[in-house]
Amino acid sequence: MIWQTMRRGLALSPELYQGLAGTLALAIGMTAGRAAVPVAIQRAIDDGLRAPDGPDLTAVITICAVTAAVLFVSTICGFLMLRRLFAVSEDALATVRVKVFRHIHELSLAQVQSQARGALMSRATTDVDQITSFLQWNGVVLIICFGQVVVTAGVMLAYSWRLALVVFVVFAPVVWLVRTCMRRLADAYMQVRERSARMLSVISESVVGAEVIRAYDVSARTAARLDRAVDDHRQASRRSSRLTVTAFSVGELAAGAALAATVVVGVLLGVAGQMSVGEITAFMFLVAMFAMPAQVAAEMLNGLQNAVAGWKRVLDVLDIEPDVKEPIDGIDLPAGPIDVRLRDVSFAYAGTKSEVLKDIGLDIAAGSRVAIVGETGAGKTTLAKLVTRLAEPLTGQLLLSGVDIGRVRRESLRERVTLVPQDGFLFRGTLGDNVRFGRSLEDDEVAAILAELGLADWLAGLPDGLDTPIGERGEGLSGGERQLVALARAHATGADLLVLDEATSAVDPATETRLRRALDTVSRKRTTITIAHRLATARDADEVIVVDAGRIVQRGPHAALLATPDSVYAKLHAAWLLQDDAPIK
Amino acid sequence: MTERITREIAAKGVRLIGRVIREEPRLFAVSFGGACLVVVLSISGAFVVGAVVERVIVPMVDRGETELALLAGGAAALLGLSALRVVGIFGRRLGSIYLQLELHARYRKKLVRRFLRLPPSWHRRHPTGKLLSHAGSDLEAMWSPGGTLAYAIATVLLLLGTLTALYTIDWAVALVGTILFPSLCTLFAVFTRIVAPKYKRSQSMRANVSSLAHESFDGALTVKSLGREDHQTQRFTDEVRRLREVNVSIGRTRGWHDPLVDTLPSFGTLTVLVIGALRLDQGAIDLGQLTTAAFLFALLDAPLRAIGWLLTAVPRAVAGWERVDAVLSATGDMTYGEQSTHDIGPAELRFDNVGYAYGTRASVLHDITFEVPKGRIVALVGPTGSGKSTLAALAARLIDPDSGRVLLNGYDARDLSAASLAATVSVVAQSSFVFDDTVRANVTLDRPGIDDDAIREALADAQADAFVDALPEGLETRLGERGVTVSGGQRQRLTLARALVGRPGLLVLDDATSAVDPVVEAAIVTGLRTRKQRPTMLVVATRRQTIALADEVVYLEEGRIVATGRHDRLLATVPQYAALLAAYDVKTGVPA
């Protein structure tokens, strides 16, 4: 499972494999330098210091000079390896980040919104960071360990295969013990991550809900929840750290045991004339190096698991198949006003059985202004999403100017069809940048757009005009002003089909009416579909479509619909009248 | 410039280290004790190895006979040292990990309590993502030196100990160490100086990448409906590339640093061999002492990395500290008074010459004076951006006025205790927040004295009872991130029930039913009007229905009260008001 995720994760970044052999060769070159030192000690002792004719200084100097040269080369190998590794891993992860980011934008709205707050951002940021930190810290250690084990084992075998075997035998149970420890560690780390997620969710609640918490004076309650989550997280972390240190200690003890065994067996072999003093001494240095991987294994596991968890989350997102796909060989919408036709369209959200829309048949003539009304949950917003292809019908067919919406090239669709939602999201930056978000425009063109909508006075009242910074998500503007900007932004695209989903709900009624009339005047040929919960909007429309429980129950001009008593529209109208006519005490 | 920054970081780093020790002296002591034990054992280990070579290996191999007792003694000494080292390692590592965990937990609690105490005006200026990373990565970075601190200090002792040990062996051999250790320190210093600003830059690049992703996904609907996926991806790619450049340049620095730290001790060992051979030839030292000296240099490998880690952690830690500290030392807290308004039942609200100029343009208010008598309903009406929400926030004391007073039951809102204020006023905002908890907890917020009947009644008044009953587990259904998702209108009704269940004296509704459709809203309004104990209400109204409910209307324009009075009187006497409401007027132009 872990390996599979890792393999798939690594496959996301083919860059990592480029010249991997070269990197490993450099790693061996780098560790060869380390192993050279014990060899130098052995040679210096046997051939120099304990030379049969008394200490031979020239021999020692020669040996050390040669080793120094080897060390120099190995340092350069290390330099090259690290440079390569950093450049390659950064390249690889930059690719993954962009891939994830792009993929998330390929997903349909429903798919994006089904993810928890902030989770998607983590996919392209912190999850990838975990992989980076694994590759650049643990990865380096892993490669060095690999080189070190290979090189030291080789040198030990060359000195004495018998003594080398003794060392291997001592380390055999360690491998088994560490493996056992690893399994428990894996669980422990998993628990840490779960509790960490819980803790972060409570923290985020205290930030996002700060105002509510203050208004109800329930900060003690939030603090208690936080304390519990923080303490739970600490407890789990302690447990995992105890296991990590235990695993490390096993490696340390094994190194001690191997050293002791080396002395005993080495002396026995030395007495038998099979090993020299220098070789035994060199072995003692080699054993210390050989033990290092066993000691760092536990830390590696944590890094590895974090990276695998990161990879898994990244892969999980990449595995989500976009349910609204860009067509292959898409075609452009024919020029001119757009008419909309729905044939037996049904829709249900993924994973639910109940259909939000059922067998909708509908024709909207090009250039007409249509209002969709109905109670909350009747399916109005879903209808708006289908018409703008932010969602795809479960069954049935939706045609724009006679072309199946699923066949329309995305660029063409987005140029010609625009939705303005209730919560028109604004981006950090200036007012002008937000209006030209959908289409690049010069400042005077932006000003003209606002003027067309009758917003020139409003613009003039802003301190810096189009350059007014609107803050994080437009916080610098009031709710209604944000909607004005979102509407201007949509109008600026010059779309031929505009779908307004309660796009002016926070705008005062007078401004709203003015806006709607301005929109109608400046774009006579545009088809407009408005989801309305105000009577005036419905009254002004060419046609009103009444949606109830996922079906179209009535359609026609306002006046005609009122003629049917006891209809859904008549009841809605009555409620509106009640609302507008309520007696004032 | 960079030099000044480096020095500043170094000075702060030292202070931060002092703080680690002061905050958790006991755990630091455990960790440091363990580290020292490891250090002492390492040095004595080198001597034991030297002695084993000189007294055990050399004589036995030279004489060609084994002395079992001595051999076993040597082996046992090595094994015993290793076992003791394990004890030291447990102390050092568990001590330092527990230390970090303790500090993380403590500062998370501190930080979040700070979040909870800082006023809404502060929260509005600070993006959520940043605050969350303060409690996450910034806080962890801040205390990261705690992980290696004890080991690094012990390593410095190890270096001094090794040097002393070398001098006890031979001055000439010791000279190698005297030259090597300072050069290692210089290497670290140079490395830190080069890499610190790069890490800082990397962190801010990372923040850019995050906030771009955050914004882009939050605005997914807008990005999609305007077809700007490619444009957004291009912007993201540019940011990612900038981050990559910085990180690769960090890699280049680490590229020369890490191998040098690795190999410098080895060069030391070689030099020791050469000089040692010379001294051996002169008869100043024996082979065992030479081995000891060589082993001492080999020991340096791992501990030296600890110093390296500490030094690389410090710049990041300082950056994290600065960010965390900015929150902990943020001022502008709302202070609460001691008084409480004991009146049960409807409250009285009075604005006395209130002015508010802080924050954004849309929230400015001037000379606001009006009164809402007990049990009455006042509607705030005005064009978009006229300051209605700011006024509502002042009434609930989510913000404080810059001038003038807001009086509740005659008390200045600032003199009331937090508990009294919360019991007296409830505010329901347009954007409703739902906790990751059950429906019940979301309504009661664990406030005392709220029984099931009260919850039912509040849910019914907010027209939320039907959909709550339809939820899989009714009141016990979990909402939020890991629970059931409810629609915007349902959320608004739940938050309305949350306000009603506390039986507030004053209910402030800031466009609180905007996502609820007219039929349901009509039912809510009727429910509130016919409630036995109707609270005093201040209602930000954008629908005529709500305006019609009011006993009196306060009409605002550009942050000033233009007119106050009954709806019909304002219609007749205030042309702007009439114009604003004209859009509602169904009597004109409707074919009946």
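I call a residue buried under 20% relative accessible area, exposed over 50%, and partly exposed in between (1.4 Å probe, protein chains only).

**Ground rules.** I am working with a predicted model, where local features need pLDDT of at least 70, side-chain atom pairs count only at pLDDT 80 or more, and totals for chains, interfaces and linings use all residues. Residues are numbered from 1 along each chain as its sequence is written, chains are lettered from A and ligands numbered from 1 in the order in which they are written, and side-chain values use heavy atoms, with hydrogens and water left out.

**Entry 1, salt bridges.** I counted a salt bridge wherever a side-chain nitrogen of Lys or Arg is within 4 Å of a carboxyl oxygen of Asp or Glu. That gave me 55 salt bridges over all chains.

I started with B:Arg376 and B:Asp551, whose closest N and O atoms are 3.8 Å apart. B:Arg376 sits in the loop between E2 and strand E3 (377-381) of chain B, and B:Asp551 in the loop between helix H19 (544-549) and strand E9 (552-557), so this pair ties together parts that are 175 residues apart in sequence. Helices here are DSSP runs (H or I, at least four residues), as are strands (E, at least two), numbered from the N terminus. Is B:Asp551 buried or exposed? B:Asp551 is buried, at a relative accessible area of 13%, while B:Arg376 is partly exposed at 41%.

Next I looked at A:Lys312 and A:Asp316, with 3.2 Å between the closest N and O atoms. They are four residues apart in helix H10 (residues 277-319) of chain A, which means about one helical turn separates them.

I also noted a network of salt bridges linking A:Arg102, A:Glu106, A:Glu326, A:Arg410 and B:Asp230.

**Entry 2, where the chains meet.** For contact I used heavy atoms within 4.5 Å. Chain A brings 163 residues to it and chain B 166 residues. Buried area, the accessible area (1.4 Å probe) that two parts lose on being put together, summed over both, comes to about 15100 Å² for chains A and B, with 67% of it on carbon and sulfur atoms. I found 12 salt bridges between the two chains. One of these joins A:Arg225 to B:Asp437, at 2.4 Å between the closest N and O atoms.

I then checked B:Ser266, which is in helix H9 (residues 229-281) of chain B. B:Ser266 counts as buried, at 12% relative accessibility. Leaving out residues up to four places away in sequence, B:Ser266 touches A:Val37 and A:Leu71.

I took two strands as paired if DSSP finds at least two bridges between them. Four strands of chain B form an open antiparallel sheet in the order E2-E1-E4-E5. Its edge strands are E2 (365-372) and E5 (411-412), each pairing on one side only. Strands E1 (residues 349-356) and E4 (residues 403-408) share five bridges, and B:Leu349 has B:Leu408 as its bridge partner.

Strand E6 (residues 425-428) runs parallel to E7 (residues 506-510), with four bridges joining them. Which way do the E6 side chains point? B:Val425 and B:Val427 point one way, B:Ser426 and B:Val428 the other, and all are buried.

A:Gly494 follows H16, with a positive phi near 65°.
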